[in-house]
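Please examine the structure shown below. The questions that follow concern single residues and their surroundings.

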Amino acid sequence: MSTRIAFLKGHGTENDFVIVPDPENAVDLPPAAVAALCDRRAGIGGDGLLHVVRSAAHSEARSMADRAEWFMDYRNGDGSIAEMCGNGVRVFARYLQRAGHAAEGDLAVATRAGVKTVHIAKDGDITVGMGRALLPEGDVTVSVGERDWPARNVSMGNPHAVAFVDDLADAGTLFTPPPFSPPSAYPDGVNVEFVVDRGPRHVAMRVHERGAGETRSCGTGACAVAVAAARRDGVDPRVTGLPVTYTVDLPGGTLVITERPDGEIEMTGPAVIVAEGAVGAEWLESALG
């Protein structure tokens with residue numbers, strides 16, 4: 001392990017990340033190291049970690065290297081691996097722009113959920129092509145305390161259970177994962193969104209992200225919410241032939257989600273780099289105990 005590990009800190013609508021630039025995939029980041037770096041009291045602090053690696057240098061992304069130079073090796077705050085993070089992709093793109101690896105305009109980013117198209121606008125916002133949603137069949141229920149609600153099962157490359165409630169306080173503290181049934185619906189856990197209406201094509205949400213707890217924002221969750229809301233409202237673009245856009249308020253800010261008739265989903269929002277520095281290998285070794 002090198003004596004110092006460079007890092008940056010960034011956020012997208014306050015969904016925050018530790019960023020570790022590592023083009024040649026030379027930094028060892030076992031789950032315990034990721035969890036230590038993401039620890040908000042003893043580490044840098046973040047909902048997750050963005051490991052920035054050239055696709056050609058990573059075994060999981062090598063097959064995508066001809067389409068995307070850079071791979072977002074995303075980890076949850078507890079060190080577990082995740083397929084995709086919508087806010088993370090925007091922050092990842094902002095880092096690439098800051099480091100001189102990308103400019104305003106279009107960019108391709110490899111993820112475990114495939115290659116994502118990104119557009120860095122002059123006004124600062126970043127739009128991510130999030131792909132198509134899948135809506136697995138079967139009834140799902142989520143619970144908080146003694147109450148439960150039907151939930152829409154939506155996959156954005158990672159699993160989501162979207163429940164429409166009367167009040168966002170119904171979600172409780174979200175310290176622990178809300179129970180769901182049947183257990184077979186999500187064998188690897190699930191992100192759970194609680195949603196209320198704010199107006200026409202305008203909703204607000206809270207989310208428990210698997211491996212991270214309640215976060216200030218979740219990009220794939222906002223997309224899943226918009227998809228679920230469109231089906232509930234009878235404006236499925238693949239049926240109407242018209243695109244539909246929802247404004248989604250999250251505790252950390254606002255995202256704009258558009259679903260097109262071909263099923264492709266675009267997410268637009270901000271991304272900010274707030275700090276950079278380095279941690280010593282000695283600290284990390286001590287943190288790992």
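Q: Which residues does Leu174 touch, not counting residues up to four places away in sequence?
A: This is a predicted model, in which local features need pLDDT of at least 70, side-chain atom pairs count only at pLDDT 80 or more, and totals for chains, interfaces and linings use all residues. Residues are numbered from 1 along each chain as its sequence is written, and side-chain values use heavy atoms, with hydrogens and water left out. Contact means heavy atoms within 4.5 Å. On that basis, the residues touched by Leu174 are Phe194, Arg206, Val207, His208, Gly213 and Glu214.

Q: Is Leu174 buried or exposed?
A: Buried means under 20% relative accessible area, exposed over 50%, and partly exposed in between (1.4 Å probe, protein chains only). Leu174 has a relative accessible area of 4%, so this residue is buried.

Q: With which side chain does the side chain of Thr258 make a polar contact?
A: A polar contact is a pair of N or O atoms within 3.5 Å; within protein, one must be able to donate a hydrogen and the other to accept it, and residues adjacent in sequence count only if both atoms are side-chain atoms. For Thr258, the polar contact spans 2.7 Å, and the partner is the side chain of Thr245.

Q: Which residues touch the most other members of the largest nonpolar core?
A: A nonpolar core is a set of buried Ala, Val, Leu, Ile, Met, Phe, Trp, Tyr and Cys residues joined through side-chain atoms within 4.5 Å. The largest one has 54 residues, and those touching the most other members are Met72, Val118 and Ile257.
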